Amino acid sequence: MLIVQKYGGSSVADAEKVLNVAKRIANVYRGGNDVVVVVSAQGNTTNDLIGKAQEICADCSKRELDMLLSTGEQQSIALVAMALNSLGLPAVSLNAQQAGIFSDSRYGDAKILGVSSDRIMKELEKRNIVVTAGFQGIDEYGEVTTLGRGASDTTAIALAASLNADSCEIYTDVDGVFTADPRIIVSAKRHKEISYDEMLEMASMGAKVLHNRSVELAKKFKLAVTVKSSFNSGEGTLVTCGSSLESKFVRGITADRKTFIAALKIKRKKALAELMLKMFEADIAPDIITVTDGNADLSVNMSFNASSFRQVRSFFDSKQAENTITEVSLSEGVSKISVIGTGIAYDTETAAVVYEALKEIGAEILLSSSSESKLSLILKESIVENALNTIHDKLDKAGKLCKKSFNRISDIV
């Protein structure tokens, strides 16, 4: 069998953990399998590298920043290969160029365009374990790009799909996909299996188990992915084709703390459409939008991902200078809670439980939106953990958490 494994930064954070990962890989290899391993940068390496860059310049060249950040994964792959060698196993580390991972030229958020797997296949034919850098690619000009934070998952799934692997395993610091973050909510329940669509919603709304683009890729190629802990032998969660249509069960509750709100005043009602067009042309996409029609103007509130803060502030400052908008204020210190489950938009009982929980803790709802599969609420950051625990507890007591595919576990690291 050909098995692709991915290990996150927490799994290889220090020498002891690197050796632990090497032993896991060795067990799979000694079982007669071919193994391709994708590794993230160790621990907080990426944040540390960003900090070093900002010590030099506040607004660094995106090309040079990608060149710098890519070194984190290259350290990890070399260390994992060394650890495997120390166990008497043949291993070779490959960066993105050597592994044939080709991307577009969008620095900091590049997309994988294709994989040329010739080098990897040659190494596997030699019975070498291939240890590959996640999070990075090479564009058509030979430039190093990075794929966005958390995108080593995407690298692993792209390789598994291109190599027609028999199995793709994502190792992290929790034992699978839970109804909520088990590091925050001790009563969170682990799913044995979850569908691509449900996992995609959870990933997009702040669940940190899998990168949302990796889930999209797995769904496209119908590649089953298992999420496991690198610190224990739990069975994890299988992400695969599946359906929970009409189930009316909540599959997960997520919190996205990387959120801020922009409050605008717009003079002319027709100006909103013009403003939105200019925003999309500038590659700025709001998440939630509410509009209140006043006597003289429109009040518009929008939520955005925190990564776009500087871009959004610059854009709205320019529009205020052009008199397209009359007032603008940006508010940080907020988070987005999302309650996820197919058909939730039509399940008034579940919505009632959620709002009852928020009423109980006196939460102020700053923005809200709903869709077929999620209910999202923007709250003050200071009450998020209380809100998560209260909502999860009340949904559980009301029998609204999915009871068909999870087991309770208590050995979360």
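**First stop: the antiparallel sheet**

Start by selecting β14 and β16, which run antiparallel and are joined by eight bridges. Strands here are DSSP runs (E, at least two residues) and helices are too (H or I, at least four), numbered from the N terminus. Two strands count as paired if DSSP finds at least two bridges between them. Before you go on, remember that this is a predicted model, where local features need pLDDT of at least 70 and side-chain atom pairs count only at pLDDT 80 or more, while totals for chains, interfaces and linings use all residues. Residues are numbered from 1 along each chain as its sequence is written, and side-chain values use heavy atoms, with hydrogens and water left out.

Click on Lys265 and you'll find its bridge partner in β16, Ser299. Now show the whole open sheet: six strands in the order β15-β16-β14-β17-β19-β18, with antiparallel pairing. Its edges are β15 (289-293) and β18 (367-370), each pairing on one side only. Neighbouring strands are turned by 25 degrees against each other on average, direction ignored.

Five bridges tie β15 to β16 (residues 298-305), and the two run antiparallel. Ile289 stands opposite Met302 in β16, and Asp293 has Leu298 of β16 as its bridge partner.

Touching means contact, with heavy atoms within 4.5 Å. The angles run from 0 to 180 degrees between N-to-C directions, using lines fitted to C-alpha atoms, for helices over the stretch in contact. Then pick 384-397: this is α12, packed on the sheet against β14 (252-266), β17 and β19, with its direction at about 125 degrees to that of β14.

**Second stop: the mixed sheet**

Which order do the eight strands of the next open sheet follow? Select them and read across: β3-β6-β2-β1-β9-β12-β13-β11, with mixed pairing. β3 (91-94) and β11 (193-195) are the edge strands, each pairing on one side only. From one strand to the next, the twist averages 20 degrees.

Look for Ile194, which stands opposite Val239 in β13. Now bring up α1 (residues 15-30), which packs on this sheet and touches strands including β1 (2-7) and β2 (34-39); its direction makes about 170 degrees with that of β1. Helix α3 (residues 62-86) packs on the sheet too, touching β2, β3 and β6, at about 165 degrees to the direction of β6.

**Last stop: confidence**

Colour by pLDDT, the predictor's confidence in each residue, from 0 to 100. The chain has a mean of 89, and 94% of its residues reach 70 or more. Finish at residues 403-413, where pLDDT stays under 50 and the model has 29 contacts beyond four places in sequence.
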